[in-house]
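Visitor: I would like to learn how to read a protein model, one feature at a time.
Guide: Then let us look at one together.

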Amino acid sequence: MSAPRWARALVRFLAPPHRKDDGVGDLEEMHSARVEKRGRLVGALLTSLEAVDVGTALLWSRIRGRSTPPRRPGEVSAGDVLQGFGLSWLDFKLGLRMLVKHPGLTVVATLAIAFGVALGAGVSEFYRDMFRPTLPFPDADRIVELQNVDRSSGDPDPRALHDFLVWKEALRTVRELGAFRTVHENLITKEGGARPTVTAEMTAAALAIPSVSPALGRVLSKADEEPGAPDVVLLSYPLWQGHFGGDPDVLGRTVRLAARQATVVGVMPPGFAWPSNHEMWTPLRLDPLNYRPEVSPGVAVVGRLAPRVSVEEAQADSKKRWISDSEITWQLHRHGGILP
Amino acid sequence: LRDPEIAEFELLVVLAALRLGGQEAYTVAIAADIEERTGRSVRRANVFTTLQRLENKGLISTRLGEARPERGGRPRRLVTVERSGVEAARATAAAIRSMARGLDDLFGEAG
């Protein structure tokens with residue numbers, strides 16, 4: 001004689017998955033004993049009442065979250081961890097109830113937290129941008145700038161054209177050493193007229209440091225830096241879109257940069273802003289032989305740390321290889337001021 | 001972390017499981033044993049949920065036995081008291097004995 005079907009179903013429905021079979025088994029065992037002792041009718045009634053009792057207990061247990069799978073001996077639960085900190089789930093439940101009970105306080109607290117998070121994120125971002133800027137390029141933390149510093153005043157000394165040649169030959173801890181300077185040139189075309197631009201005169205090595213391919217054409221090459229090589233120019237994406245209307249046939253066109261003619265050889269992709277927010281790039285063709293060191297034009301020197309070399313190791317290496325007079329020394333640091 | 005604490009009814013269930021042993025301790029038998037020894041009426045639902053709670057605390061472990069005809073071909077869930085369960089029961093029982101000591105006129109000879 002089996003227990004009433006609905007009683008079995010109730011226990012099976014409410015018991016946790018690993019307790020269904022034995023839960024119904026207990027019900028059946030008790031029902032058999034009752035029927036034998038008190039008859040079918042009374043047995044069925046008592047078993048039904050017990051099913052309701054067990055079902056209520058299981059339901060209550062489930063509501064209180066105690067129907068989770070059993071844990072192995074020695075296993076630590078989240079509740080144990082909370083208890084270790086002097087907390088319990090009750091603290092969270094009470095907190096939640098307070099928030100529901102006092103909606104005004106909830107709104108104020110939420111706004112305060114939102115403001116605090118926004119303020120914290122803003123300060124963090126400001127600090128990072130001001131003191132630890134990073135470049136949006138692969139391995140950007142390996143890109144460094146070499147800079148002369150006047151020992152007496154502590155100010156940066158941009159006259160590094162001659163030093164650049166020495167550093168390029170002597171340094172083993174910094175590779176892809178390149179130089180650039182920023183100039184302001186007028187871009188003159190037949191269609192667009194004259195437009196002042198911020199241009200970077202760069203060595204091909206300096207332009208290659210970010211490892212970014214052009215959107216159209218090619219980048220500057222080492223041959224472009226040779227004396228007598230044809231003048232070429234590389235355009236930024238916004239300049240190409242704005243001044244040339246995004247003309248896909250812009251490559252090979254001749255433009256006037258002040259007094260010289262230059263051929264457009266490429267267009268860089270959107271967002272490319274190396275070494276800063278420049279609009280055009282032309283080859284750097286400064287010959288140190290034409291200048292005395294103390295009156296040479298200012299250039300910035302950038303490079304990429306050799307693999308597995310730290311900034312500190314590169315600085316130590318440079319001190320060993322540096323040939324300097326007594327007034328000028330140099331330092332190595334991360335380059336900043338780059339726009340994404 | 002603190003040692004798990006067990007309540008009075010949990011202590012009775014653990015003690016009953018220890019008395020019955022790993023081959024005979026299951027819900028129905030534990031309820032019957034407590035009824036027999038304490039003389040109080042025990043709801044099987046309470047034993048069922050208490051075993052579940054003790055298992056969640058890691059004080060006991062359970063395993064399914066063989067299917068039995070009187071249970072409609074369903075197995076018993078046999079209870080084994082873990083070492084931590086024995087320690088918890090011992091600590092609770094000792095606390096009760098300790099508190100009852102000196103109250104012999106009310107409880108008889110305790111401990």
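The dialogue below goes through parts of this predicted model.

Visitor: Where does one begin with a chain, for example how many helices and strands are in chain B?
Guide: Begin with the list of elements. Chain B has five helices and two strands. Read from the N terminus, their order is α-α-α-β-β-α-α.

Visitor: What share of the 111 residues in chain B is buried?
Guide: Buried residues account for 44% of them. The accessible surface of chain B is about 6100 Å², and carbon and sulfur atoms hold 50% of that surface. As for contacts in chain B between residues at least 6 apart in sequence, 48% join residues at least 24 apart.

Visitor: Which residues of helix 1 of chain B are buried, and what covers them?
Guide: The buried ones are B:Phe9, B:Glu10, B:Leu11, B:Leu12, B:Val13, B:Val14, B:Ala16 and B:Ala17. Their cover includes helix 2 (27–38), helix 3 (44–56), strand 2 (74–81) and helix 4 (83–100) of chain B.

Visitor: How do I read the side chains of a strand?
Guide: In a regular strand, side chains alternate between the two faces of the sheet. Take strand 9 of chain A, residues 280–283. A:Met280 and A:Thr282 point one way, A:Trp281 and A:Pro283 point the other way, and all are buried.

Visitor: Which way do strand 4 and strand 6 of chain A run relative to strand 9, parallel or antiparallel?
Guide: Strand 4 (residues 193–202) runs parallel to strand 9 and is joined to it by four bridges. A:Glu201 has A:Thr282 as its bridge partner there. Strand 6 (residues 232–235) runs antiparallel to strand 9, with two bridges. In this pairing A:Leu234 stands opposite A:Trp281.

Visitor: Which residues form the nonpolar patch on the surface of chain A?
Guide: They are A:Val81, A:Phe85, A:Leu87, A:Trp89 and A:Phe92, with about 550 Å² of accessible area together. A:Val81 lies in helix 4 (residues 78–84) of chain A.

Definitions and conventions. Residues are numbered from 1 along each chain as its sequence is written. Chains are lettered from A and ligands numbered from 1 in the order in which they are written. This is a predicted model: local features need pLDDT of at least 70, side-chain atom pairs count only at pLDDT 80 or more; totals for chains, interfaces and linings use all residues. Side-chain values use heavy atoms; hydrogens and water are left out. Buried means under 20% relative accessible area, exposed over 50%, partly exposed in between (1.4 Å probe, protein chains only). Contact means heavy atoms within 4.5 Å. Patches are made of residues with over 30% relative accessible area and no salt bridge: like charges are joined within 9 Å, nonpolar side chains (Val, Leu, Ile, Met, Phe, Trp, Tyr) within 5 Å. Accessible areas come from the Shrake-Rupley method with a 1.4 Å probe; for residues, only the protein chains shown count as cover. A salt bridge is a side-chain nitrogen of Lys or Arg within 4 Å of a carboxyl oxygen of Asp or Glu. Two strands pair if DSSP finds at least two bridges between them.
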